Amino acid sequence: MLTIPRADNPAASREANVRGVNAKLRVTAITLALIVIAGLVLLLVRPARDPAQVRPLPLLIGAWMAFIAAAWLLRKVPLRSAVALILLGGIAVQLAAVSAPPQNSNDLYRYIWDGRVQAAGVDPYAYVPTARQLTGLREEFLFHPGAEYCVSQAYVASDPAAELAAGCTAINRPTVPTIYPPVAEAYFLGVHYLPGGSDSSTPIQATTALVAVLVTALLLFGLRRLGRDVRTAALWSWCPMVALEAGNSAHVDVVAAGLAAAAILVLATARTTRRTILGGILLGLAIATKLTPVLTVPALLRRRWFTVAAAASSAFIAVYVPHLLAVGSKVIGFLPGYLQQEDYTSGTRYGIIGLVVTGPLASAMAVLILAAVALAVLQFGDPDRPWQGAVVMTAAALAVTTPRFQWYALLLVMLVAFDGRLEWLAFAAGGYYAAEPNMGRYTPPGRLVDAIAYGVPMLVVAGGWLARRELARRAIVPAESVPAESVPAETRPVAVGAGVTADRSAGADFTVTAGREDAINALPTRVPLREREPREARV
């Protein structure tokens, strides 16, 4: 049997070589960008190693710019290489963050204390850290004379009913109860039992960094299952916020974001009541870890709303019941005090709304705005893509409340990894400006800092929306101008799912808006004629 070989195609071979070289260059550039991100994260968590003593804000800007560049370059990297880069890059930036004690937040010391209290058989909502009843649990790591927060003998004598004991501690707000919900408290207890979990910050930092990496793996799996571009998982894995707030500050918001991601994945693909109940339970547990995932509820109620609401409420209530039976109303913790301390109850905390009105009227306006956004998401959200409505709801909450704690945007970063529209991450970056606005003589007046921090992201998102709308309009025009009879015989329309998937896997933009998808799928796609297959001549 003789086989007539197929003739080589020099043009195709050259094109394949060029693509291979471009992919290698992109991988090299991404690797360099990830090294820059890890290096800047290292300087941020170890400021003593910065010979120039640069302020944190310029370092943060540099890390975010390197992150955006790496994410942009990743679009056209082959899928297998992209997955490896996403995982390895995420691990690298987390290792850099874990390498030093917490720099931007000391909340983790409360986490460690709550775990220690629970391990001793005491409900974490029962007493404040400096309570006289808990003096036997004090140890040198959290309580020592050089610690930042001190309760003096005079303060103890001024309020004998509080039953406090004098001393200095690393725990912030040592005279108020914990604010963290029960699932978070269970997480703290679990970390306590790790080696060194009660006398070092490293175990909880490493555990939270591991959770962040696991969320990356969940995103890779979930995006593939949803038929979306898995490369957008890099928007979580490489994000400087995730590195700093997980690996260094160990914020429990990372755990809440992971549970919320699992709930979104289950509910977006749920076609049975059983899976809907599972998704609702995960949602309830996420809210019982940190309250911020409640912002995803309007988007997740678009399908089988009663089942989702019932399952989520049941899970939320179930984890509170043991504490409610043990300590009664104390289970509410420091939440009311926190809202008062941050000036939300007085209505003077809203950075953008405060430019127009303050006081109770500002609080009323904030509630009305958020209620309107929630109703819009509930009415018009896509049940197959709940992350889109959740992104809008979460960003609206950040713009209205203008928090100075940047880690509140971790939920938004996870949602953007599902959604893929990079411009929404401007709210996460703006949170750092709200927390670290000091730029010497270039620092704006204090009353404008929050408005700038969250007002500029609103403009960025509006610009992204206009750009995508223009791209969709330009894609529609050629489709309308090509007569049906002028389409050559060798062209054929591409199916909706296949067309979009192929476009993304080839390295197109992270997202294609709904209008643009329709426009692209309406366009005829030229399919090159197949080269002749080898023919067999039997002799």
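# Exercises on a predicted protein model

The protein exposes about 25600 Å², and carbon and sulfur atoms supply 64% of that area. Accessible areas come from the Shrake-Rupley method with a 1.4 Å probe; for residues, only the protein chains shown count as cover. This is a predicted model: local features need pLDDT of at least 70, side-chain atom pairs count only at pLDDT 80 or more, and totals for chains, interfaces and linings use all residues. Residues are numbered from 1 along each chain as its sequence is written, and side-chain values use heavy atoms, with hydrogens and water left out.

## Exercise 1: The overall build

Task: State how many helices and strands the protein has, and what percentage of its residues is buried.

Solution. 
- Step 1. Take the elements. The protein has 21 helices and 6 strands. Helices (H or I, at least four residues) and strands (E, at least two) are DSSP runs, numbered from the N terminus.
- Step 2. Take the burial. Of the 539 residues, 48% are buried. Buried means under 20% relative accessible area, exposed over 50%, and partly exposed in between (1.4 Å probe, protein chains only).
- Step 3. Take the contacts (heavy atoms within 4.5 Å). Among those between residues at least 6 apart in sequence, 76% join residues at least 24 apart.

## Exercise 2: A covered helix

Task: Find how many residues of helix α17 are buried, and which helices they pack against.

Solution. 
- Step 1. Locate the helix. α17 spans residues 410-419.
- Step 2. Count. In α17, 10 of its 10 residues are buried. Among them are Leu410, Met414, Phe418 and Asp419.
- Step 3. List the neighbours. The buried residues of α17 pack against α7 (202-225), α8 (234-237), α9 (240-248), α10 (253-269), α16 (386-401) and α18 (426-435).
- Step 4. Look past the end. Glycine 420 follows α17, and its phi is positive, near 95°.

## Exercise 3: A patch on the surface

Task: Name the residues of the nonpolar surface patch that includes Leu95, and classify leucine 95 as buried or exposed.

Solution. 
- Step 1. Recall the patch rule. Patches are made of residues with over 30% relative accessible area and no salt bridge; like charges are joined within 9 Å, nonpolar side chains (Val, Leu, Ile, Met, Phe, Trp, Tyr) within 5 Å.
- Step 2. Name the members. Leu88, Ile91 and Leu95 form the patch, with about 310 Å² of accessible area together.
- Step 3. Classify. Leucine 95 has a relative accessible area of 59%, so leucine 95 is exposed.

## Exercise 4: The disulfide

Task: Find which cysteines the disulfide joins, and why the disulfide is right-handed.

Solution. 
- Step 1. Count. The structure holds 1 disulfide (a pair of cysteine sulfur atoms within 2.5 Å).
- Step 2. Identify the pair. Cysteine 150 is joined to cysteine 168, S to S 1.9 Å.
- Step 3. Cysteine 150 lies in strand β2 (residues 149-151) and cysteine 168 in strand β3 (residues 167-169), so the pair ties together parts that are 18 residues apart in sequence.
- Step 4. Read the torsion. About the S-S bond it is about 110°, so the disulfide is right-handed.
- Step 5. Check the cover. Cysteine 150 is partly exposed at 48% relative accessible area. Cysteine 168 is buried at 18%.

## Exercise 5: Salt bridges

Task: Say how many salt bridges the structure holds, then work through three of them.

Solution. 
- Step 1. Count. There are 12 salt bridges. Each is a side-chain nitrogen of Lys or Arg within 4 Å of a carboxyl oxygen of Asp or Glu.
- Step 2. Glutamate 342 pairs with arginine 173; their closest N and O atoms are 3.8 Å apart. Glutamate 342 lies in the loop between α14 (335-341) and α15 (360-380), and arginine 173 in the loop between β3 and α6 (182-192), so the pair ties together parts that are 169 residues apart in sequence. Glutamate 342 is buried at 12% relative accessibility.
- Step 3. Aspartate 253 meets lysine 290 (2.9 Å, N to O). Aspartate 253 is in helix α10 and lysine 290 in the loop between α11 (273-287) and α12 (297-300), so this bridge ties together parts that are 37 residues apart in sequence. Both residues are buried.
- Step 4. Arginine 473 meets glutamate 470 (2.6 Å, N to O). They sit 3 residues apart in helix α19 (residues 446-481), separated by about one helical turn.
- Step 5. Find the network. Salt bridges that share partners join Arg173, Glu342, Arg349, Arg404 and Asp450.
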